[in-house]
Every structure is written in structure tokens, then in C-alpha cells.
Amino acid sequence: MELKVRQRGGTIIEYGDQGVILDPTSNSHSYPTFVSHAHADHAAAFKHPEREKYATTETYRLLEAMGWKRLDNLNQVKVGDTVKLDEIEVKIHNSGHVLGSVQFEVNTPEGTVLYTGDMCTENTFTMDPATPVECDLLIIETTFGAPMFQFPKRNEIAVEVYQWAVNTVINGRIPTFKTDSIGNAQEIISILNKYTNLPVVTTKSATKVTDVYRESGYNLDSVDANSDEGRDLIDSGKCAIITPKGSKVPTDLSEMALASGWAVIMNRGRVAFPLSDHADYKGLLGFIRKCKPKRVLTFHGGKMTKDFHNHIKNTLRIPASPLSTRVETIKGPLMKNENRVLACSRQIIRTIRIPGFVYQPTWLAKEMSRQGFSTDETENSIELLIEKGILKGAEGGVRLT
Ligand SMILES: [Zn+2]
Ligand SMILES: [Zn+2]
């Protein structure tokens, strides 16, 4: 029996005929289901009430606060718990991202996989850093996995945040933060509570989510914009407002600021604070080093972080590749060669579209690696397509016949 990992409607980890699915995005698998945290791109399993899910109580409460309905069939877990499923065992660890967010350590007789979900490696005003766990195979998120993403120290950001807020009030305007309702909203409330006397007013889901944080033991001082007190504060102009991205601001006096990790690459001219509930580039590399994995699989990146697996290989000397539909093992990708080469060939045909244009094999290998194919598979596919008369060799590469 072999430990196998792949991405298909979620992250699937299999051992023999058993398996688990983590943060599923579709309802296509019947494996026991684990949800890492309450952000919508991870919690889709809760759209299927008939499905049995493992998640923290906080994740459940946050989804409820965000207006999700019929959140049935929850098996509550907490940090430190171990869920035993015959030969597979899932241990729950803190991921440092938002309230209730966890990582999953999946133990099998053949080895251990750590799935980070979304994670933050810093000590923030609301969360303890993600716990590194020694493992054989590490599946890590790479939202900010590029060298350009280097966040300033949390305390330095906090100083900028409260100074801007206080100065804005002095100038007769109301500092208004547009943020994610879960995570950054509570981080800013904490900062303003700690360093200023400025009352904080929240709107819509930012209010409901903050209530869940309070129920979970957080000492956050804020009021809802629609309460009498909230309205009085907004009229007085002596407060800060926290409002979810995309929702309407309750006053014309607002001076807007964004709080998000993306602030580090935004052009100046607008107020934006690089406050993130994800690890930055160095944070990710440091975390990987502490987990001592034999192999790393990356997920959740975008265009800007698609090379993170190469950075891992070059900097840490640990084999790494993007998690894809390809079946991965601790030793490397599982080659079901013939089918893989056929699939890769089809992908190459989809990619090579310009008649007469010469495509370099190295470029093709790079394109195909994004689809989860290895250089070997790409080379074998090119040979096959030449054999079949679909491609032919040309100066510096191949072209359509
Ligand atoms: Zn998240
Ligand atoms: Zn996410």
C-alpha cells in the first residue's frame, strides 16, 4: 500500500482503499471531510448538509455569522485532537490564520502529510503563529510565496495604522478600513483598542464576526454602526469604522484605507496597510525548514507565486512541485506513464495553436509543469506527437505539421 496525494475537487490523501478529503470544493468524494477554516474558498463542504464534516466550533460559528444556512453534520474538533479513521489518523494543529483555523496532520503507516490550509507564521494581535509539524510530505499554501512579498513587522504596521487613524480624526474625517470581515477586521480593532482611545464602529458581517471572536474569549471593544451608540459615534466624527470589502460606507466623512497583504505591491497614492493573515515569503520558507519534509507540494498560489516550488528547491534543497491532479507520493510523482503521456500530449495540442510558429521544448516543459506534468512526460509527449505526424522538428524546437 502506498500513501498518495492529489488535488481533485479538494486535497485528497489516500492510503490503500481509505482516504480523507481536505477543504473540498466539489461534492464528488465520499471520503471523510475536513474543513480548515471559515473562508469561503475552503468551507464549501458546508454547502452540503448531508455530508459529514470535521471542523472547529469556531469555524462553524463564523460560517453561521456570515449567513451560511443548514450547517448540519458537524464533528467538532479542536487543536490537539486526533481523529482516528482505521489506518489513517488526523491530528489538528493551529494554523495562525483566523479564529478557528487549523492545519491537518494526516498520519498513515507509510508516513505523515501536513496540510497547512491558509496559514500565518507570525505572532499577530489576534492569533498565535502556525505550529510547525515534522512530516514526510508538506502541502503548503503559497498566497504570498514570492520574494516581493515581505511584510514589515506587525508592530511597525500597527504604529502606522493607529497614527493614520488618529491623524485622520484630527483632520475632521473618519478613518475607515476596508478589510476582510474574518481576520483583519479583528486585527485592526485590537490595534486601535490597544494604542488609541478611538471608539471603533463595525458594519454588517464585520460586526457579526467580531461577536463570534468575543464569544470565543477575545476582548474586542467595538459597536455596530446600526446601534444608537454606533450612529452617535459616526455623527460625532470621533471614531474609526471597519467595513467589509464591497459594502457601503455609512458616512460621507469617511477617509478610506485598505488593509491587506496585497498592499505591498499596490501603487502608492491610496492608503493601504500590508496587514496580512497569511505568511510572507520568508515566513513560508522558515516554516518549511522547521517541518523537515522529504517533499513539498504547493497550492493556492496565483500568477505571482507560481515559481514558489522552484524557490523551495533552490533555497532549501527540498524536492517540490505544485499540487495538481497528478498523483504524488513521498518519493515523487506516481508515473502511470502511458496515460500520463497521452494526457500531456492532449494538453500540448491545446497549447500549440499558431501554425508555423516554432515552440521551444523548454518553454513547453514550463507550460506543462503548470498543468502538473513533469519534464520527462513533456519530452515523451513531444516524441509521441512527432511520431504521429502532428508535430515536426524545426530549428530550435517543434511546430505543427
Ligand atoms: Zn483563508
Ligand atoms: Zn484561502
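Predicted model: local features only at pLDDT ≥ 70, side-chain atom pairs only at ≥ 80, totals over all residues.

Visitor: Which residue is the bridge partner of Val-201 in E14?

Guide: Start with the pair itself: strand E13, residues 200–202, runs parallel to E14, and two bridges link them. Within that pairing, Val-201 has its bridge partner in E14, and that is Val-223.

Visitor: Which are the edge strands of the open sheet?

Guide: The sheet has six strands with parallel pairing, in the order E14-E13-E15-E12-E16-E17. An edge strand pairs on one side only, which here picks out residues 223–224 and 272–273. Those are strands E14 and E17.

Visitor: At about what angle does helix H4 run to E15?

Guide: H4 covers residues 204–215 and lies across E13, E14 and E15. Helix H2 (154–170), for its part, lies across E12, E15, E16 and E17, at about 140° to E12. For H4 against E15, the angle is about 95°.

Visitor: How do H6 and H7 lie to each other?

Guide: Their axes come within 11 Å and cross at roughly 60°. Angles of 65 to 115 degrees would count as roughly perpendicular, and those under 35 as roughly parallel. The two helices are therefore oblique.

Visitor: How many nonpolar residues are in the contact of H6 with H7?

Guide: H6 brings Leu-285, Ile-288 and Arg-289, while H7 brings Ile-312, Thr-315 and Leu-316. By class, one is charged and one polar, and the nonpolar ones number four.

Conventions: Residues numbered from 1 in each chain as written. Chains lettered and ligands numbered in written order. Axes fitted to C-alpha atoms, helices over the stretch in contact; angles between N-to-C directions. Helix = DSSP H or I, 4+ residues; strand = E, 2+ residues; numbered from the N terminus. Parallel < 35°, antiparallel > 145°, perpendicular 65-115°, else oblique. Contact = placed C-beta atoms within 7 Å. Nonpolar A, V, L, I, M, F, W, Y, C, P; charged D, E, K, R; others polar. Pairing = 2+ DSSP bridges.
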